[in-house]
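This briefing goes with the sequence and structure shown below. Please keep both in view while reading.

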Amino acid sequence: MNKIIFKIILLITAGSLIGCAQTPKVLLIVGGHDYDTTEFFHMFHSMDGIAFDSVSHPVAMKLLQSEEVDSYDLLLFYDFIPDMPLKDSIVFLSLSQQGKPMLFLHHALCTFQKWDGYQQMVGGRYVMPGYTIDTTLLSNYKHNIDLRIEVMDMVHPVTKNLKEFVIRDEGYSNIQMQEGIHPLLGTNHPDCAPLVGWVNHYNQSTSLYLMFGHDKYAYANESFQQLLQNSIHWLTNL
């Protein structure tokens, strides 16, 4: 009889744990740059246990300053809006002061060239022509290069179950990086910055940047997919 009661308690406990498990809800912010749309969204919606919605600019900024943004556990930026108006900085400041976790991918490093606070929030910036008079600060890119990626912090939850890997992607070089960022991933490719993944803190928010994700070939990379899943779960704590 005691064994039966014990099994019943175990079943009830397990059921309660399953019922309490939460699914991270992620908002994908896109717009301003062409990309392999079908493959991009397939990559995200094939991830088990993670829910996604998407919004494109210019509607994105309206959503980000509405109460609806509170329903999302994570904001994932894959946008490319270099000339974003300076007045929109108040939206990002508010989100960071609320402690909203943010994940920035690939060309999101180019967004908001006019506001230094964006670089401080992301942890870095790709400097584009027209936004500086110092040509030595201009960043560069190169398509379709094979990047051998080194895991610089092997105990961080974002790099869990990851080893050194190779990804065919677009590399960015001569980018600006904030002091104090925590390095996660690096490469020694001559056409790419030595740091390609990092964690940053801005106001009350934690942010994470991954340089990967130019096209469908990068989306198909299993290590990149694992990085995304790890990043989402760590940033949302779910």
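The model is predicted. Its chain has a mean pLDDT of 92, and 91% of the residues reach 70 or more. Residues 1–20 have pLDDT below 50, and this stretch makes zero contacts in the model beyond near neighbours in sequence. Where pLDDT is low, the predicted coordinates should not be read in detail.

**Helix 4**

- Helix 4 spans residues 89–97, and its buried residues are Ser89, Val91, Phe92, Leu95 and Ser96.
- An α-helix has 3.6 residues a turn, so residues three or four places apart point the same way.
- Exposed residues Ile90 and Gln97 are carried on the face of helix 4 that is turned away from its buried side.
- Among the elements that the buried residues of helix 4 pack against are two helices, helix 3 (59–64) and helix 5 (116–122).
- The packing partners of these buried residues also include strand 3 (74–79), strand 4 (102–105), strand 10 and strand 11 (205–210).

**Strands 6, 9 and 10**

- Strand 9 (residues 182–186) pairs with strand 6 (residues 140–151) in the antiparallel sense, over two bridges.
- Strand 9 also pairs with strand 10 (residues 195–202), again in the antiparallel sense, over four bridges.
- Leu185 of strand 9 stands opposite Val151, and its bridge partner in strand 10 is Gly197.
- In a regular strand the side chains alternate between the two faces of the sheet.

**The loop between strand 6 and strand 7**

- Thr159 is in the loop between strand 6 and strand 7.
- Thr159 has a relative accessible area of 2%, and therefore counts as buried, the cut-off being under 20%.
- Beyond its neighbours within four places in sequence, Thr159 contacts Val151, Asp153, Met154, Leu184, Leu185 and Asn230.
- Two of these contacts, Val151 and Leu185, are the residues that stand opposite each other in the pairing described above.
- Lys163 is also in the loop between strand 6 and strand 7 (165–173).
- Lys163 has 67% relative accessibility, so it counts as exposed, for which the cut-off is over 50%.
- Lys163 and Ser223 are 60 residues apart along the chain, and their C-alpha atoms are separated by 8.5 Å.

Methods:
Residues numbered from 1 in each chain as written. Predicted model: local features only at pLDDT ≥ 70, side-chain atom pairs only at ≥ 80, totals over all residues. Heavy atoms only, no water. Pairing = 2+ DSSP bridges. Buried < 20%, exposed > 50% of the residue type's maximum accessible area, 1.4 Å probe, protein only. Contact = heavy atoms within 4.5 Å. pLDDT = per-residue confidence, 0-100.
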